[in-house]
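I opened the notebook to go through this one step by step. Below are my entries, in the order I looked things up.

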Amino acid sequence: MKKREWIVFIFLILAILVLVIVNLFSGSSDVSINQMLDILASHNTNDSLGVIVWQIRMPRMIESAFLGGALALSGYLLQSFFANPIAGPYVLGISSGAKLFVAILMVCSYKMMFNMSSLMMVAASFIGSCLAAMLVIVISKKVKNMAILIVCGVMIGYVCSAATELLVAFADDSNIVNLHNWSMGSFAAASWKNVEIIIPVVLIGLVMSVLLSKGTSVYLFGESYAMSVGMNIKRFRLFLILVSSLLSAIVTAYAGPISFVGIAVPHVIRTVSKTSNVKAMICLSFLGGMATCLMCDLIARCMFAPMELSVSTITAVFGAPVVVVMLLKKKNSHQRVDK
Amino acid sequence: MSEIITRELSVGYDKKIIIGKIGLEVKAGKIVVLIGPNGAGKSTILKTIAGFLKPVGGAVYFDGKSSEDIGLQDRAKLVASMMTSGFGAEYMTVSDVVAGGRYPYTGLLGKLSSEDEKEIKKALSIVGASEHKDREFNKLSDGQKQRVLLARAIAQKSKFMILDEPTSFLDIGYKLSFIEILKDLATKENIGIIMSLHELEMAAKVADTVVCIADDGKIDKIGNPKDVFKNQYIEQLFNVKPGLLKETYCFEKIENPIAQVKAKLENKKAHFLMVQGTMSSAGKSLVVAGLCRIFMQDGYRVAPFKSQNMALNSFITEEGLEMGRAQVMQAEAAGVKPSVYMNPILLKPTSDSGSQIIVNGKVRGNMRARDYFEYKTELVPDILAAVDRLQQQADIIVIEGAGSPAEINLKSNDIVNMGMAAMVDAPVLLVGDIDRGGVFAQLLGTIELLDKEERQRVKGLIVNKFRGDKTILDPGLEMLEKRGGIPIAGVVPYMRLALEDEDSLSEKFDRNDKAPISIGVIKLPHIANFTDFDAFEQIPDIGIHYITGTGDVDAMDMIIIPGSKNTISDMVWLKESGIESEVIKYSSSGRPVMGICGGYQMLGKKIRDPLGVENGGEINGLGLLPVETVLTNRKYRSQVIGTVVNPTGILSKLSGKRYEGYEIHMGETKPIEGNLPEYTSNGSGYCSGNVWGTYVHGIFDSADIVTGIVEILAKEKNIDVNLSNVTDYKALKEKEYDRLADTMREYMDMELIYQIMGMEDGKAKSV
């Protein structure tokens, strides 16, 4: 890695450490440093403070960190796939596709009286995001203009959201609250049980991304270039889309759709580290996503405590301006167009 | 030895062939360049060879192995390609880009080994971009980007390289240095290169082999640069207006403008005689016609020739090609079929100061007079080729000059007068026009203005259009011979002949526009046997209108659909152009429609082509006659003499008239209604009401039939027409040619003429 990449890397690690600490201490109950050290050392879950730290704050923190990383990584892969810096799972409608399928699963589980397991949720979410991704790919074959592609993605998102709303309308009262909260994007439902699934899935996605990095670095230069050096384009594209769908699916399954992290984080990372090195980008985007979601979740739950905002609200506040600036910058420079 | 070979390769998208039957060969160390107009399919070929597209047919072989049997990474080690101009992700450095070329060699995670680093370094130094290696690729200039992309291809260490327009968008400096790098790669690294180039001067500089791809989906030519880069060929390949290319590119050295055309006819076989005049309208055309007839009468095969005609009204041959009328008349005098080779260049003045250039009957383009003057030398090969074609079938070729050979401002690179005579080494007869006065000055002045060499070509003088007492002229002739040192070959009296020539014909056309009776001939795209309608032209009150679009049909007094060389496609044209519905409407109001040969087939209900003689399939005809045509492989070709029997409709009065003509067609037409009246013999023609169809060409050449039709049309219109001197057109012309020949024999020294042609025994062969 180059010097700049190292600087960004170290900064992100430090930021994550700081955010982890702040996250642990923030919340409705004040915890002193001594108490905290005590709780962490003793692994004591007998008193309420121990429960708060170990059962609520800790899993939520880990979940938001890993899901944030997954989201940013998914965005980076999609940006590479579409050769388009404003691609991301949320704007392309992939998150909404996942959301729709999870909603269907939720309603079905209630109607048909079966218990929804976490794996089922992940699977439904994965199927939903894959379908939405395929749809976007089909559209991208027809339109080469990236703005139109994004508009199409947004439209897909709206259609899926509308369908989800429809499902909510038919669901029973008890479900609605749950479904509604979830569909806004939130880490509130975090638990150790979820973390046990999230960490391996996200790590699988991360490893796969690294394995795809050789191809990605060639693919960044366009299809004909990649074909010229002997890459199997079709296979590569399939893997890339599966991995990015998996990553955004896991996020949606556990936290609902979260906007802008997928677009903004890789972009900010790229801009500050000034690199195109795929492996560095994968690593830094992941860390950046972690830091961002830790921060956003912190703000979401503490800003108007005890009321909690949806994470998407916060990520939008930070992410949207980044995207606007990016669009303004891009307007004057060349777009990649494959012949 | 390494090579890429394509066999029967067809390339295209989605199974649609853009270019088929490609047979290319790229050898190690050689550079093959594809040139051709935009959209011709150069990139498609390159993409297919590079493996980006699957061949639609055939295969690409690398060192004898079909590309389909080679894995992607192995192929990448064999061939590197550079298809698009540079773009890259943000912040990608030059070495990142070049490192991409090592893809087939690196491991799972793409970590570069020290050898990879070495190759990258070497590639960068070959293209001279070492100092930029850490710069961001996107911030380089286009020229530097192309070099870096080339370095990437070099780093791939492949045996072959495929480049698609690598020098487009580069300034001339980068273009040249890029081309030099490629040349070095070929010679020093022994890499085989195939690429497309738009810059022809670059292609000419770098190519070992040039592949020319025309925009009709064909490989037009594969050759070395010397053969391909000729202005004329390149203009043709890129559809450039003739002469325009020279302003920008010039592949051939322009010859010294005052120099003469140096090309000569090789293996001269025929005897040549050239007739030049002291001025326009000195009577050259008729002298040539008379000479043609005389030689024909003497038992020789004769062909007239004039390298270049300037005329508004051209003649259209049986093949549908355009040529000057004068040579048609001379060909008739010579008793041979007119051919475009008798007049390879035809200039048709257009509205502005330029002309349309027609070469061998086909339009080359429009040119201003000054441009043509520059361009014409490039037509010399066409002229010589035409002469050569003629001499295969002629013992004597009589060449007509144009204007005067002494236009000293226009003499450089002459191709019509003395230049032409030099090309075929022909003796020249100089014709002066006594009718317009000053004949001695004309002849002597002209000779005086010729070069010594040219003067030696003039072997005889002719005083033309003489009237009155020859004895008064004789002393002048003696002095003329003495002063000019050239014998008098004849004094030809003024004659009035009923023969067409360029000028009178144009008058006739003008008059025809206002003629009281109009006959519309549909000008089919593949019209054949145009001459069928010549007979009408001798009648002042008849106007022949060639119909090319809608709106004209209704105003005609009769519609004739002529023969076609491709009936089915012309039928399609008839439908598409909307003329079909106009003709059907026209006919349904009872007005007369006639079809000759292909036109006859079109009148029927259906034309079927089960054997694919033309395009295959079947097509509905106009449906005006209840007949059906089946095209067959057999060609019917026969001379026919017959009598018209009971035609229906207004032509019923033609019954009993004799006709003489010929049939030539592929296909049989049969009535599908039992009692359809047959009016020309042997099933060659059927009619129904005012619709007649026949296979007989030349049916109008019979005076009886032509006057009959005209009389009927006139009567229908209630007008009088003057038919007093309509004779059998052919017979009349034959008679006139004979009269011309007889007169010229009488007044000219034919012995001298044979002698100057180098045929001392000429007379002996005469009958």
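Ground rules first. I took axes as lines fitted to C-alpha atoms, for helices over the stretch in contact, with angles from 0 to 180 degrees between N-to-C directions. Helices (H or I, at least four residues) and strands (E, at least two) are DSSP runs, numbered from the N terminus. Residues are numbered from 1 along each chain as its sequence is written, while chains are lettered from A and ligands numbered from 1 in the order in which they are written. This is a predicted model, where local features need pLDDT of at least 70, side-chain atom pairs count only at pLDDT 80 or more, and totals for chains, interfaces and linings use all residues.

**Entry: a helix pair in chain A**

I looked at helix α5 (residues 118-142) of chain A against helix α11 (residues 233-255) of chain A: the axes are 8 Å apart and the packing angle is about 130°. That angle makes α5(A) oblique to α11(A); under 35 degrees would be roughly parallel, over 145 roughly antiparallel, 65 to 115 roughly perpendicular, and the rest is oblique. Then I listed who is in contact (C-beta atoms, placed from the backbone, within 7 Å). On the α5(A) side I noted A:M121, A:F126 and A:I137, among others, and on the α11(A) side residues including A:I241, A:L246 and A:A253. The contact of α5(A) with α11(A) has 11 nonpolar, 5 polar and no charged residues. For those classes, Ala, Val, Leu, Ile, Met, Phe, Trp, Tyr, Cys and Pro count as nonpolar, Asp, Glu, Lys and Arg as charged, and the others, Gly among them, as polar.

**Entry: confidence in chain A**

I checked pLDDT, the predictor's confidence in each residue, from 0 to 100. Chain A averages 83, and 91% of its residues score at least 70. Over residues 332-339 of chain A pLDDT stays under 50, and the model has 11 contacts beyond four places in sequence for them. Where pLDDT is low, the predicted coordinates should not be read in detail.

**Entry: where the chains meet**

I found 28 residues of chain B in contact with 23 residues of chain A. On the chain B side, α2 (72-78), β7 (79-82) and α3 (94-99) each supply at least two residues, and α2(B) gives the most, with 4 residues. The residues on that side of chain B divide into 15 nonpolar, 10 polar and 3 charged.

**Entry: chain B**

I counted up chain B: 27 helices and 36 strands. Buried residues make up 47% of its 767 residues. (Buried is 20 or more other C-beta atoms within 10 Å of a residue's own, exposed is 12 or fewer, partly exposed is in between; C-beta atoms are placed from the backbone.)

Is B:M342 buried or exposed? B:M342 is buried, because 31 other C-beta atoms lie within 10 Å. I located B:M342 in the loop between α12 (325-334) and β17 (345-349) of chain B. Leaving out residues up to four places away in sequence, B:M342 touches B:P304, B:F305 and B:L390, among others.

Last, helix α4 (residues 114-126) and helix α5 (residues 142-155) of chain B: their axes come within 8 Å and cross at roughly 135°. The crossing of α4(B) and α5(B) is right-handed.

Terms used:
Two residues are in contact if their C-beta atoms, placed from the backbone, lie within 7 Å. A crossing is left-handed if the near helix is turned anticlockwise from the far one by less than a right angle, and right-handed if clockwise.
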